[in-house]
Amino acid sequence: MYPDPSSRSAGLFDRACAVMPGGNTRLAVYQAPFPIFIASAAGCRVTDVDGVERLDFINNQSALVHGHCFPPVVAAVTAQVGRGSCFSGPTDTEVELAEALQARVPGLERMRFTNSGTEAVMLAVKAARAFTGRYKIAKCEGAYHGSYDFVEASRGSTPANWGDAKVPARVPYSKGTPPAVGDLTVVMPYNDVAAAAAILEAEAGELAAVIVEPIANRPGMIPATPEFLAYLREFTQRTGIPLIFDEIISFRVGFAGAQAGYGIVPDMTTLGKLIGGGFPVGAVAGRTDIMGVFDQRRGSPAVPHTGTFNANPVSMVAGIETLKAFDEAAVARINRRGDEVRRTIDGIFAKAGIEGQASGAGSLFRIHFTARPLTDYRSAYPTAAGQSAVAALHRALLNQDVMVSANCSGNISTVVGDLEIEQLLGAVTRALAEIRVPA
Ligand SMILES: Cc1ncc(COP(=O)(O)O)c(C=O)c1O
């Protein structure tokens, strides 16, 4: 049972605290009173250092769309490491992965690789600024686009400081963020066309980019309405402001990303997670003219971009094998499972007489303890009671050997079958029967 103070995880966390602040080097994987240290994994199951095996619906925050140790990835990576893991020179692997992505998604005319989604977003912002000669970035309230100051504002807003719903406050996420950063960030409500329009139209002359997630992950796994994205596309096209879709999470919901489902081609797209097949990766991609800011062939580029591990061939071959197996049929299969999971969880709540629902799209889901419509950061922001119910559900699932993120979000990999879906839904049913949900 978690948490067991005599477990190896507890002991490792004690050791970790002596060498790392908070015993942690990655906030997203911390859970109180200590995180579960992992020993190994295969397919959709993870084994911790105490020998407990759990069904994995986290998949390293959705980076492993084919689960752990996907044989084609293991084979390609093993072979690549045998040939060399990184070089001071490009390889054919980066060309191949870029070609594979370009062939899938119409708007990815040119791209550059990075080692994380955060870097991809940072480069998209830098490119948009260099291209337009303007500085301000508009983003949606509560959205997470990685650990880059200029897109962090309002990520941690609370009812105590978030201000007017129609004009959300630019609350800095990290202490020490220079006020100048806030001055260059414009925060708009998600899925509210009229309120977003009022803000954006007033700022149009100073905006370098508008960045949005087609499915807002951290704010609540909430799909954008078609009207909202259509408005952003119309506004940015009319004003000549690059529209950036952050598809680092949402890419998996369609063969060509979430953007294809909306019928919108953004000017730039940021990618990460699954396109590296479980290895560090990010990509910034988009229109040839905007991406030209990185082009060094006519002298020093407008945005110099380098990085020791950019397009390292290990991540590239893992990404190539992952995309090959993530064909239309695979996307449709896990999306159907996602629909089933969300629909069934809604039914489980109804049957248990508890207010709650599952949000998400495609193979992404998140469980909430509220019945109100979830449209944006504020509507999905849990009450204190809702927050403790989420924590209790997370704990109850963990102790039935089912892993979802601490906020009860998850994703379905291609190696999950009917039995695993049954295990998840059975665990949710039992957990909801057993946890006390405060009124
Ligand atoms: C939408 C979105 N953008 C950016 C990032 C940052 O990516 P990375 O963790 O690879 O830096 C994340 C990570 O979860 C994300 O969900």
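## Met221: a positive phi in a loop

Met221 sits in the loop between β8 (215-216) and β9 (222-223). Helices (H or I, at least four residues) and strands (E, at least two) are DSSP runs, numbered from the N terminus. Met221 is not a glycine, yet its phi is positive, about 55°. Its relative accessible area is 3%, so Met221 is buried. Buried means under 20% relative accessible area, exposed over 50%, and partly exposed in between, with a 1.4 Å probe and protein chains only.

## Basis of the model

This is a predicted model: local features need pLDDT of at least 70, side-chain atom pairs count only at pLDDT 80 or more, and totals for chains, interfaces and linings use all residues. Residues are numbered from 1 along each chain as its sequence is written, and side-chain values use heavy atoms, with hydrogens and water left out.

## Cis peptide bonds

Two cis bonds lead into prolines. Tyr2 and Pro3 are joined by a cis peptide bond, with omega near 0°. Pro3 belongs to the segment before α1 (8-17).

The bond between Ala32 and Pro33 is cis as well, with omega about 5°. Pro33 lies in the loop between α1 and β1 (38-42).
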